[in-house]
Amino acid sequence: MKRLRTDHSHKILHLVSLVPYGCVVSYGQLADLAGLPGRARLVGRTLRVHNTEQLPWHRVVAANGRLSLPKGSPALNEQRQRLISEGVTFKGNAITGACVAMTKHQWQPDLGAILMLFDG
DNA sequence: CCATTGACGGGCG
DNA sequence: GCGCCCGCCAATG
């Protein structure tokens, strides 16, 4: 595991593992839950750098519902594919201008449970 | 050391 | 909705 200077990766990756089937979270939301407000980019870096093979990484999208992976990348197709297969719906053109319908699918975590997980 | 670059977010016009 | 700008900050050249 690559290690960032102040390593918040464990917390972030754990939170990702909690996102339920058919739901999505935003990078900023994960940052908030991890106690790192305003650090959405750190979450993105963490997912890019670490091995996410065992995680539902595809459930992490931008706050506005956009899929933030590089346009045309295999990973982007994979993410869209997986979300669709989980029943996640999109606004606009489902192929090109795809935006997840956040109001329907955004994860609403049990905040009490989250606090417990990280020593509340 | 400085500049640019991101799997981002939010405010404003 | 869209573009612009700013805050964020580790990594990269």
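Val24 is buried, with a relative accessible area of 0%. In this predicted model, Val24 sits in the loop between helix 1 (9–17) and strand 1 (25–26). Chain A comes to six helices and four strands. Its radius of gyration is 14 Å, which agrees with the value near 14 Å for a compact globule of 120 residues.

**Val24 and its surroundings**

- Leaving out residues up to four places away in sequence, Val24 touches Val19, Arg59, Val61, Leu83, Val100, Met102, His105, Gln106 and Trp107.
- Why does Val24 count as buried? Buried means under 20% relative accessible area, and Val24 has 0%, so Val24 falls in that class.
- Val24 and Lys104 are 80 residues apart along the chain. Their C-alpha atoms are separated by 9.5 Å.

**Lys104**

- Lys104 belongs to helix 5 (residues 102–105).
- Lys104 is exposed, with a relative accessible area of 66%. The cut-off for exposed is over 50%, so Lys104 qualifies at 66%.

**The largest pocket**

- The volume of the largest pocket is about 430 Å³.
- Its lining counts 15 residues. Tyr27, Gly44, Leu47, Arg48 and Leu69 lie nearest the centre of the pocket.
- Which element gives the largest share of the lining? Helix 3 (residues 40–49) does, with six residues.
- Sorted by class, the lining has seven nonpolar, five polar and three charged residues.

**Arg48, at the pocket**

- Arg48 is one of the residues nearest the centre of the largest pocket. Arg48 is in helix 3.
- Is Arg48 buried or exposed? Arg48 counts as exposed, at 63% relative accessibility.
- Arg48 and Leu69 are 21 residues apart in sequence. From C-alpha to C-alpha, Arg48 and Leu69 are 9.6 Å apart in space. Leu69 is also among the residues nearest the pocket centre.

- Thr52 lies in the loop between helix 3 and strand 2 (60–61).
- Thr52 is buried, with a relative accessible area of 13%. That value is under the 20% cut-off, so Thr52 is classed as buried.
- Not counting residues up to four places away in sequence, Thr52 touches Leu47 and Trp57. Leu47 is one of the residues nearest the centre of the largest pocket.

**The annotated segment**

- An unreviewed UniProt entry carries the annotation "transmembrane region" for residues 12–30.
- How far apart are the end C-alpha atoms of residues 12–30 in this model? They lie 7 Å apart.
- The span of residues 12–30 is 53% helix and 11% strand.

**The whole chain**

- From the N terminus on, the elements of chain A run α-β-α-α-β-α-β-β-α-α.
- Along its principal axes, the C-alpha trace of chain A spans about 40 × 30 × 25 Å.
- Of the 120 residues in chain A, 42% are buried.
- Take the contacts in chain A between residues at least 6 apart in sequence: 61% of them join residues at least 24 apart.

Conventions. Residues numbered from 1 in each chain as written. Chains lettered and ligands numbered in written order. Predicted model: local features only at pLDDT ≥ 70, side-chain atom pairs only at ≥ 80, totals over all residues. Heavy atoms only, no water. 1 Å grid on protein atoms, 1.4 Å probe; cavity = no way out; pocket = protein on both sides within 12 Å on 5 of 7 lines; lining within 4 Å. Points joined across faces, edges and corners; volume = space filled by probe spheres on them. Helix = DSSP H or I, 4+ residues; strand = E, 2+ residues; numbered from the N terminus. Nonpolar A, V, L, I, M, F, W, Y, C, P; charged D, E, K, R; others polar. Buried < 20%, exposed > 50% of the residue type's maximum accessible area, 1.4 Å probe, protein only. Contact = heavy atoms within 4.5 Å. UniProt positions renumbered as here; feature names shortened; annotations may be inferred. Rg over C-alpha atoms; globule rule 2.2 N^0.38 Å.
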